[in-house]
Amino acid sequence: MNQLCYFEIQSSDPAREAAFYQQVFGWTFTQIEGLAIEYYQIETPNMHGGLLARPAPTPSAHCGTNAFTCSFEVENFDAAAEKILAHGGQVAMEKFAIPNKCWQGYFIDPDNNTFGLVQVDENAH
């Protein structure tokens with residue numbers, strides 16, 4: 001086993017981030033009522049996750065990531081990057097090749113959360 005099966009995104013504006021990720025990746029968000037915090041269940045084609053109200057202040061920019069960073073596999077890195085930028089995301093680390101494996105890059109969502117994109121490509125160099 002030992003594979004990623006669930007992920008969570010913290011946000012100071014969960015409705016905004018739900019809209020961002022829905023527009024970028026097509027994920028479905030369902031708000032779970034009756035919890036002590038604002039929480040949305042995330043459904044993706046191959047994984048489940050959660051989006052919750054950030055329980056502490058947003059970390060300052062350029063402080064590094066104090067968490068695991070999740071990367072999402074996409075069919076077309078450049079097309080996904082365009083969507084991210086069009087919906088308020090930013091580039092954290094430009095696209096680069098992991099030779100003979102994939103294209104990788106990192107982005108920042110509207111609430112300063114870092115996430116990655118991976119496009120499998122045996123010809124990457």
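Biologist: Where does asparagine 100 lie?

Modeller: Asparagine 100 sits in the loop between strand 6 (90-98) and strand 7. Helices (H or I, at least four residues) and strands (E, at least two) are DSSP runs, numbered from the N terminus. Keep in mind that this is a predicted model: local features need pLDDT of at least 70, side-chain atom pairs count only at pLDDT 80 or more, and totals for chains, interfaces and linings use all residues. Residues are numbered from 1 along each chain as its sequence is written, and side-chain values use heavy atoms, with hydrogens and water left out.

Biologist: What is the phi of asparagine 100 near, and is the residue buried or exposed?

Modeller: Its phi is near 65 degrees, a positive value in a residue other than glycine. To judge burial, look at relative accessible area: buried means under 20%, exposed over 50%, and partly exposed in between (1.4 Å probe, protein chains only). Asparagine 100 counts as exposed because its relative accessibility is 56%.
Now try asparagine 112, in the loop between strand 7 and strand 8. Its phi is near 70 degrees, again positive in a residue other than glycine. With a relative accessible area of 40%, asparagine 112 is partly exposed.

Biologist: Let's zoom out. How many helices and strands does the chain have?

Modeller: There are 2 helices and 8 strands. Walk along the sequence and you get the pattern β-α-β-β-β-β-α-β-β-β.

Biologist: What does the radius of gyration of the chain agree with?

Modeller: The radius of gyration is taken over C-alpha atoms, and the globule rule is 2.2 Å times the number of residues to the power 0.38. For 125 residues, a compact globule would come out near 14 Å; this chain has 15 Å, so the two agree. Along the principal axes, its C-alpha atoms fill a box of roughly 50 × 30 × 30 Å. As for burial, 35% of the 125 residues count as buried.

Biologist: Which residues have the most contacts inside the largest nonpolar core?

Modeller: Here's the general idea: in soluble globular proteins, nonpolar side chains tend to be buried together. A nonpolar core is a set of buried Ala, Val, Leu, Ile, Met, Phe, Trp, Tyr and Cys residues joined through side-chain atoms within 4.5 Å. The largest one here has 24 residues, and Tyr21, Phe25, Trp27, Phe29, Phe115 and Leu117 have the most contacts inside it. Several elements each supply at least two residues of this core, including strand 1 (6-11), strand 3 (39-43) and helix 2 (77-86). Helix 1 gives the most, with 5 residues.

Biologist: What does tyrosine 21 contact?

Modeller: Contact means heavy atoms within 4.5 Å. Leave aside neighbours within four places in sequence, and tyrosine 21 is in contact with Ile9, Gly26, Trp27, Phe29, Asp109 and Phe115. For the whole chain, take contacts between residues at least 6 apart in sequence: 52% of them join residues at least 24 apart.

Biologist: And which residues does glutamine 23 touch?

Modeller: Glutamine 23 lies in helix 1 and touches Lys83 and His87, not counting residues up to four places away in sequence. At 40% relative accessibility, glutamine 23 counts as partly exposed.

Biologist: What about valine 120: buried or exposed?

Modeller: Valine 120, in strand 8, counts as exposed at 52% relative accessibility. Skipping residues up to four places away in sequence, valine 120 touches Glu73, Lys101 and Cys102. Also, valine 120 and tryptophan 103 are 17 residues apart in sequence and 6.5 Å apart in space, C-alpha to C-alpha.

Biologist: Last one: which residues line the second largest pocket?

Modeller: On a 1 Å grid over the protein atoms alone, a cavity is a set of points where a 1.4 Å probe fits but cannot get out, and a pocket is an open set with protein on both sides within 12 Å along at least five of seven lines; lining residues have an atom within 4 Å of a point. Grid points are joined across faces, edges and corners, and a volume is the space filled by probe spheres set on the points.
This pocket has a volume of about 260 Å³. Its lining residues include Leu4, Phe7, Trp27, Met47 and Glu73. Strand 5 (residues 71-73) provides the largest share of the lining, 3 residues. By class, the lining has 8 nonpolar, 3 polar and 1 charged residues. Here Ala, Val, Leu, Ile, Met, Phe, Trp, Tyr, Cys and Pro count as nonpolar, Asp, Glu, Lys and Arg as charged, and the others, Gly among them, as polar.
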